[in-house]
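Please look over the sequence and the model below before reading on.

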Amino acid sequence: MPSFVELLESMHKILGKQGFEQLPQLSASRRLDLHSSMKFLKDPTMGGSGRTKALLIGINYAGSSAELRGCHNDVHKMRKYICSQGFLDNNECMKILMDDGAHASPTMQNMLAAFEWLHQGAQPGDSLFFHYSGHGGNVKDDSGDEADGRDETLIPVDYETAGQIRDDTIYAKLITVLPKDCQMISVMDCCHSGSVFDLPYMFVASEGNLSNEDQPPQMILNPQFDIEMVIAIGKKFMEFFQEVRNAKRDDGGIMGIAKSLLGLVKNGGTDPKIAVPAALLVLLFKMVSNK
């Protein structure tokens, strides 16, 4: 397998030869060694279940003013490639959405349901894969968490009636729900896709970044990553912790805890980035319940 930087450099050259100005971009939840090999599967020696699950979405928007031509072909090629890398091709391990009449349609509802399917039952050691080929966009930020005032979006086939899928929703439904040591790789082929996951580290494969002899290619902090969002999540944890302690004292146990949780969801759950991830809530619940 090529290294991350070799792969990005090849993509940069291919795009340049075809006259495209877009720059390949890598984002990650941790700082990756760009000279290490890109691995689609978790190392089996590290333990865990070793299961695979893949979601592939291709939207051509056939018959619309926004029609594309190659997105279905992208899915077919990606399906073949990831299977060569160890992913299983069956209904339990792979889901495909395409507006071709033969697969489930990539509507807003179906895409959100597919996000849930992808992470459902995820365990440490699992390898997940998400590919999207279609239109991407950006809209005015409605939660105040974007430095540039814009939310990046994915555009479902029924966008004219259902709207677009914001990066806040993607973050909540695909990032915060993943357990520790579960790997997800995503390949996004759409406009504005570089920052659609809002991850803290990034590398843009520009000519300057790839050929700088004084500074070897390395990931940097994403300037769009919102540290205030992280602080807000921590604040919600502290508020919830106090609410649970009070609930145990005032209401005598489980019902009080349930009430405090409902209060948290009502008061702080409107922004999916601020709502506390379910897995961490379970952990916190166990910690408090044992005290």
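The mean pLDDT of the protein, pLDDT being the predictor's confidence in each residue from 0 to 100, is 80, and 71% of its residues reach 70 or more. This is a predicted model, in which local features need pLDDT of at least 70 and side-chain atom pairs count only at pLDDT 80 or more, while totals for chains, interfaces and linings use all residues. Residues are numbered from 1 along each chain as its sequence is written, and side-chain values use heavy atoms, with hydrogens and water left out.

**Confidence**

- Confidence in the protein is highest in strand S3 (residues 94-98), at a mean of 98, and lowest in helix H9 (residues 278-289), at 46; helices (H or I, at least four residues) and strands (E, at least two) are DSSP runs, numbered from the N terminus.
- Over residues 264-291 pLDDT stays under 50, and for this stretch the model has 46 contacts beyond four places in sequence, a contact meaning heavy atoms within 4.5 Å.

**The sheet and its helices**

- Four strands, in the order S3-S2-S4-S8, form an open sheet with parallel pairing, where two strands pair if DSSP finds at least two bridges between them.
- S3 and S8 are the edge strands, each pairing on one side only.
- On average, neighbouring strands of this sheet are turned by 5° against each other, direction ignored; axes are lines fitted to C-alpha atoms, for helices over the stretch in contact, and angles run from 0 to 180 degrees between N-to-C directions.
- S2 and S3 pair in the parallel sense over five bridges, and the bridge partner of Gly58 in S3 is Met98.
- Helix H2 (residues 71-84) packs on the sheet and touches S2, S3, S4 and S8, its direction making about 165° with that of S2.
- H3 also packs on the sheet, touching S2, S3, S4 and S8, and its direction makes about 165° with that of S2.

**Nonpolar cores**

- The largest nonpolar core has 28 residues, and those with the most contacts inside it are Ile57, Phe115, Phe130, Tyr132, Leu154 and Phe197; such a core is a set of buried Ala, Val, Leu, Ile, Met, Phe, Trp, Tyr and Cys residues joined through side-chain atoms within 4.5 Å.
- At least two residues of this core come from each of strand S2 (52-58), helix H3 (108-119), strand S4 (127-133), helix H5 (167-175) and S8, with H3 giving the largest share, six residues.
- A second, separate core of 25 residues includes Leu8, Leu26, Phe87 and Leu210.

**Gln183**

- Gln183 lies in strand S8 (residues 183-189) and is buried, with a relative accessible area of 18%; buried means under 20% relative accessible area, exposed over 50%, and partly exposed in between (1.4 Å probe, protein chains only).
- Beyond four places in sequence, the residues in contact with Gln183 include Phe40, Asp126 and Ser127.
- The C-alpha atoms of Gln183 and Ser127 are separated by 5.0 Å, although the two residues are 56 residues apart along the chain.
- A polar atom of the side chain of Gln183 lies 3.1 Å from the backbone oxygen of Phe40.

**Positive phi values**

- Most residues other than glycine have a negative phi.
- Tyr61, in the loop between S2 and H2, has a positive phi near 55° and is buried, with a relative accessible area of 2%.
- Asp181, in the loop between H5 and S8, has a positive phi near 65° and is partly exposed, with a relative accessible area of 45%.

Terms used:
Polar contact = N/O pair within 3.5 Å; in protein donor to acceptor, adjacent residues only side chain to side chain.
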